[in-house]
Amino acid sequence: MTTVEMVRVAGCDMTSCSYNKENQCHTPGISVGPHAECNTFNYRGNSSGGLQEVIGGVGACIASSCQYNEMLECKAPNIDVGDDQTHADCETYKPRA
Ligand code: SF4
């Protein structure tokens with residue numbers, strides 16, 4: 001079996017998310033959707049989550065139109081996630097030429 005290094009979430013501006021602390025994601029593997037949206041976003045309300053010692057990573061990404069996507073996995077050096085009003089978006093997304 002091969003161990004694969006997970007792509008890190010370098011920063012995340014979605015501070016209303018349960019997993020966000022000080023602009024950093026703290027859940028091990030986010031899921032990125034077909035339009036490069038972070039599907040793991042969960043509105044915090046009263047439910048804070050995540051593990052302080054964990055820096056977020058990309059579990060899977062199905063944005064196949066992204067240059068960094070291979071076999072529905074992210075191959076970017078790392079990603080940034082941004083606040084797009086009602087949802088969180090992968091800001092590293094780069095459409096294929
Ligand atoms: S950089 Fe591309 S492949 Fe990686 S998580 Fe973002 S949208 Fe998906």
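1. Glu5 sits in the segment that comes before β1 (8-12); strands here are DSSP runs (E, at least two residues), numbered from the N terminus. Glu5 counts as exposed because its relative accessibility is 71%, where exposed means over 50% relative accessible area, buried under 20% and partly exposed in between (1.4 Å probe, protein chains only). Glu5 and Gly57 are 52 residues apart in sequence, yet 9.5 Å apart in space, C-alpha to C-alpha.

2. A word on the model before going on. This is a predicted model, in which local features need pLDDT of at least 70 and side-chain atom pairs count only at pLDDT 80 or more, while totals for chains, interfaces and linings use all residues. Residues are numbered from 1 along each chain as its sequence is written, and side-chain values use heavy atoms, with hydrogens and water left out.

3. Now the core. The largest nonpolar core has 19 residues, and Val9, Ile30, Val58, Cys74, Ile79 and Val81 have the most contacts inside it. Such a core is a set of buried Ala, Val, Leu, Ile, Met, Phe, Trp, Tyr and Cys residues joined through side-chain atoms within 4.5 Å. Two or more residues come from each of β1, β4 (30-32), β5, β8 (78-84) and β9 (87-90).

4. Val81 deserves a look of its own. Setting aside neighbours within four places in sequence, Val81 is in contact (heavy atoms within 4.5 Å) with Val9, Gly11, Cys12, Asp13, Ile30, Cys38, Ala88, Asp89 and Glu91.

5. Asn23 is not a glycine but has a positive phi of about 60°; Asn23 lies in the loop between β2 (20-21) and β3 (24-25). With a relative accessible area of 36%, Asn23 is partly exposed. Leu72 also has a positive phi, near 60°, in a residue other than glycine, and its place is in the loop between β6 (69-70) and β7. Leu72 counts as partly exposed, because its relative accessibility is 42%.

Conventions
Helix = DSSP H or I, 4+ residues; strand = E, 2+ residues; numbered from the N terminus.
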